[in-house]
Every structure is written in C-alpha cells, then in structure tokens.
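Q: Could you go through this model with me, a bit at a time? I'd like to start with the aromatic residues.

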Amino acid sequence: YDNKDNYQYYITVKDGYLVVYENDKETVVEVTDIVYDNLADSQKAEVDAGVYIGSDEELYGVLESYSS
C-alpha cells in the first residue's frame, strides 16, 4: 500500500511479534502470533520500514502472506 497519508492499519514489530495498529499508530488492533524472526529477509525489511494497509481485505492478505 503506497499511500502513507490515507491508511487504515499499520504493521510493525513489538516484542518479537508482528502487531497491527490503527492509523494512529497507538491503538493496537491485534497482536499476531507471527514471529518476526521467522520472516524472510525481504519481509523483515518491509516490517522494519512499517507496513501501511488500506483495508481489512488487504490486512488479512498481508498477514496471511507473512504467516505462510
């Protein structure tokens, strides 16, 4: 998702797990069971930069790709 000014969710890493925040970057939507260290290097780079998500559908697609 390229529009960093108009996004619904933000994914980053906290305590070794991927965490989904609302667009305020403070309100936790979900603490996932996806372990950061298990991600591919390219996925780690995405998460390190912060993943901006525009919709519920996109959120679940991204989480599914990270967990497989």
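Q: Is Tyr7 buried or exposed?

A: Tyr7 is buried, since its relative accessible area is 13%, where buried means under 20% relative accessible area, exposed over 50% and partly exposed in between, with a 1.4 Å probe and protein chains only. Keep in mind that this is a predicted model, in which local features need pLDDT of at least 70, side-chain atom pairs count only at pLDDT 80 or more, and totals for chains, interfaces and linings use all residues. Residues are numbered from 1 along each chain as its sequence is written, and side-chain values use heavy atoms, with hydrogens and water left out.

Q: OK, and how many aromatic pairs are there?

A: Rings of Phe, Tyr and Trp (its six-membered ring) pair if their centres lie within 6.5 Å, and planes under 30 degrees apart count as stacked, over 60 as edge-to-face and the rest as tilted. By this rule there are two aromatic pairs. In one of them, the ring centres of Tyr7 and Tyr52 are 4.7 Å apart and the planes meet at 80°, so this pair is edge-to-face.

Q: Where in the chain do Tyr7 and Tyr52 sit?

A: Tyr7 is in the segment before strand S1 (9-14) and Tyr52 is in strand S4 (residues 51-53), so that the pair links distant parts of the chain, 45 residues apart. Helices (H or I, at least four residues) and strands (E, at least two) are DSSP runs, numbered from the N terminus.

Q: What about the pair of Tyr10 and Tyr52?

A: Tyr10 and Tyr52 also form an edge-to-face pair, with 5.0 Å from centre to centre and 65° between the planes. This pair, too, links distant parts of the chain, with Tyr10 in strand S1 and Tyr52 in strand S4, 42 residues apart. Both of these residues are buried, and ring pairs link Tyr7, Tyr10 and Tyr52 into a cluster.

Q: Which residue of S4 is the bridge partner of Tyr10?

A: The bridge partner of Tyr10 in S4 is Tyr52. Strands S1 and S4 run antiparallel and are joined by three bridges, where two strands pair if DSSP finds at least two bridges between them.

Q: And how many bridges join S1 to S2?

A: Six bridges join these antiparallel strands, and they form a hairpin with two residues between them, where Asp15 in the turn has a positive phi of about 55°. Lys14 stands opposite Tyr17 in S2.

Q: Switching topic, which residues touch the most other members of the largest nonpolar core?

A: Ile11, Leu18 and Tyr66 do, out of 14 residues in that core. A nonpolar core is a set of buried Ala, Val, Leu, Ile, Met, Phe, Trp, Tyr and Cys residues joined through side-chain atoms within 4.5 Å. S1, strand S2 (17-22), S4 and helix H2 (56-67) each supply at least two residues of this core, and H2 gives the largest share, four residues. Apart from this core lies another, of five residues, among them Tyr10, Val19, Tyr21 and Tyr52.

Q: Where is Tyr66, and what is it in contact with?

A: Tyr66 is found in helix H2 and counts as buried, at 5% relative accessibility. Leaving aside neighbours within four places in sequence, its contacts (heavy atoms within 4.5 Å) include Leu18, Ile34, Leu39 and Val47. The C-alpha atoms of Tyr66 and Leu39 are separated by 6.7 Å, although these residues are 27 residues apart along the chain.
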